[in-house]
Amino acid sequence: MDHLLAGYRRFRDGYYAANHKLFEELATRGQRPKTMIIGCADARVDPAITFDTAPGDVFMVRNVANVVPPYAPDGDYHGTSAAIEFAVKGLEVENMVVLGHARCGGIATLVGMNAQAHTTDFIEPWMQVAIPARERARTIAAREGRAADHLRLCHLTEIEGVKTSLTNLMTFPWIAERVADGRLSIHGLYFDITSGALMRLDRTTGIFTPVT
Ligand SMILES: [Zn+2]
């Protein structure tokens, strides 16, 4: 805890002091971010640092493995869907980004999990949303002759997981409507922690290419 409080004091005396006008303005006029990022809760992947954003720039939700569940207004506790609804209908963001990343623990759980015998209360049921990604990854890995290569399978599932989240975003009727009329665009990115490389998904070809 001391580490956090020391960090807060550095922030207060440094960043906040230098940018207090921005904070005051944001407090007065409210937030008007143009972008929503759906990222992973992983401590190593902080979108505000990766994209060097300022306060007020990005509306963000971080969950296990940057998963977007399908549209399901069924009265359950849909935290991610609630954030998406507020970003789209309340803030009218113009861009939605799903940010995947390398060495994702949630994806590793999905790759290794046994559907018949869950060992976690919430993580495995949550990760089931991304099973289509794992199945596509298995097909690709088998085609490559690397079906038993756990790391390769995880990487492919991370990549395919971004696509599954984008597919599920489009099941929200008010997202599909805004994408169709051009008010909203959706994007897939993938961050490699080790190399610092960022890959961007071409949604037409389904291929990720490095951002130069
Ligand atoms: Zn992750």
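**View 1. Strand β4 and strand β5 (residues 198-202) pair in the antiparallel sense over three bridges.** Strands pair if DSSP finds at least two bridges between them. Strands (E, at least two residues) and helices (H or I, at least four) are DSSP runs, numbered from the N terminus. L189 has R200 as its bridge partner in β5. Six residues lie between β4 and β5, which form a hairpin. In the turn, G196 has a positive phi of about 80 degrees. This is a predicted model: local features need pLDDT of at least 70, side-chain atom pairs count only at pLDDT 80 or more, and totals for chains, interfaces and linings use all residues. Residues are numbered from 1 along each chain as its sequence is written.

**View 2. Strand β4 (residues 185-191) is largely enclosed by the rest of the structure, because five of its seven residues are buried.** Buried means that 20 or more other C-beta atoms lie within 10 Å of the residue's own, with C-beta atoms placed from the backbone. β4 also pairs with strand β3 (residues 95-101), in the parallel sense, over seven bridges. N95 stands opposite S185 in β4.

**View 3. M36 sits in strand β1 (residues 35-40).** M36 counts as buried because 23 C-beta neighbours lie inside 10 Å. Leaving aside neighbours within four places in sequence, M36 is in contact with F59, A87, V93 and M96. Contact means that C-beta atoms, placed from the backbone, lie within 7 Å. G105 is 69 residues from M36 along the chain, and their C-alpha atoms are separated by 23 Å.

**View 4. The largest nonpolar core has 42 residues.** Such a core is a set of buried Ala, Val, Leu, Ile, Met, Phe, Trp, Tyr and Cys residues joined through C-beta atoms within 7 Å. M36, A65, M96 and L99 have the most contacts inside this core. Elements that give two or more residues to this core include β2 (58-63), α3 (79-90), α4 (105-112) and α6 (131-143). Helix α7 gives the most, with six residues. A65 touches C40, C104, G106, I107, M127, A130 and G161, not counting residues up to four places away in sequence.

**View 5. Domain 1 (1-30) and domain 2 (32-210) come from the domain assignment of the protein.** Domain bounds come from an automatic or database assignment. The domain centres, taken over C-alpha atoms, are separated by 30 Å. Four residues of domain 1 are in contact with four residues of domain 2.

Conventions
A residue is buried if 20 or more other C-beta atoms lie within 10 Å of its own, exposed if 12 or fewer, and partly exposed in between; C-beta atoms are placed from the backbone. Two residues are in contact if their C-beta atoms, placed from the backbone, lie within 7 Å.
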